[in-house]
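Here are my notes for you to read alongside the model. Keep the 3D view open and find each residue as you go.

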Amino acid sequence: MLPLVAKLGEYLNKAFDHYVEMQANGVEIDADTLATFMADQMESWDPAISGKKLLDPTTRKAACRFVAGVAFNLAK
C-alpha cells in the first residue's frame, strides 16, 4: 500500500506545482480545472493491490478531484 500512497503524493505535488505555475503566469484556476489537468496526468496510472485494480472510471475521477482539491486548498 505504501507505493500507492507515495504515488498519490507525487500527484499531489504535480497538482500543487501546476497551480503555483498558473498563478505565477497570472492565470486563475479553480479546483475543478485543476482536476481536469490531473485527469490527464493520472490517465495511465493503473494501481493494483494483490492484483486487484483499484481505479474504475468513477473512482479515477474522484481521485483526480481529491488530489486537485487538496492541492488547491494547500495553495490558498
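1. Let us begin with one term: a residue is buried at under 20% relative accessible area, exposed at over 50%, and partly exposed in between, using a 1.4 Å probe and protein chains only. Trp 45 counts as buried because its relative accessibility is 11%. Tyr 11 is buried too, at 4%.

2. A word on where this comes from: the model is predicted, with local features needing pLDDT of at least 70 and side-chain atom pairs counting only at pLDDT 80 or more, while totals for chains, interfaces and linings use all residues. Residues are numbered from 1 along each chain as its sequence is written, and side-chain values use heavy atoms, with hydrogens and water left out.

3. How many aromatic pairs does a search of the whole structure find? There are two. Rings of Phe, Tyr and Trp (its six-membered ring) pair if their centres lie within 6.5 Å; planes under 30 degrees apart are stacked, over 60 edge-to-face, and the rest tilted. Tyr 11 and Trp 45 make a tilted pair, 5.2 Å centre to centre with 55° between the planes. This pair links distant parts of the chain, 34 residues apart: Tyr 11 is in helix 1 (residues 2–24), and Trp 45 is in the loop between helix 2 (31–41) and strand 1 (48–49). Helices (H or I, at least four residues) and strands (E, at least two) are DSSP runs, numbered from the N terminus.

4. Now look at Tyr 19 and Phe 72, an edge-to-face pair with 5.4 Å between centres and 80° between planes. Tyr 19 belongs to helix 1 and Phe 72 to helix 3 (residues 57–75), so this pair ties together parts 53 residues apart in sequence. Both residues are buried.

5. Next comes the largest nonpolar core, which has 18 residues. Such a core is a set of buried Ala, Val, Leu, Ile, Met, Phe, Trp, Tyr and Cys residues joined through side-chain atoms within 4.5 Å. Tyr 11, Ala 15, Leu 34, Met 38 and Met 42 have the most contacts inside it. Helices 1, 2 and 3 each supply at least two of its residues, and helix 3 gives the largest share, six residues.

6. Beyond its neighbours within four places in sequence, Met 42 is in contact with Tyr 11, Arg 60, Ala 63 and Cys 64. His 18, in helix 1, counts as buried because its relative accessibility is 17%. Not counting residues up to four places away in sequence, His 18 touches Ile 29, Leu 34 and Phe 37.

Definitions and conventions
Contact means heavy atoms within 4.5 Å.
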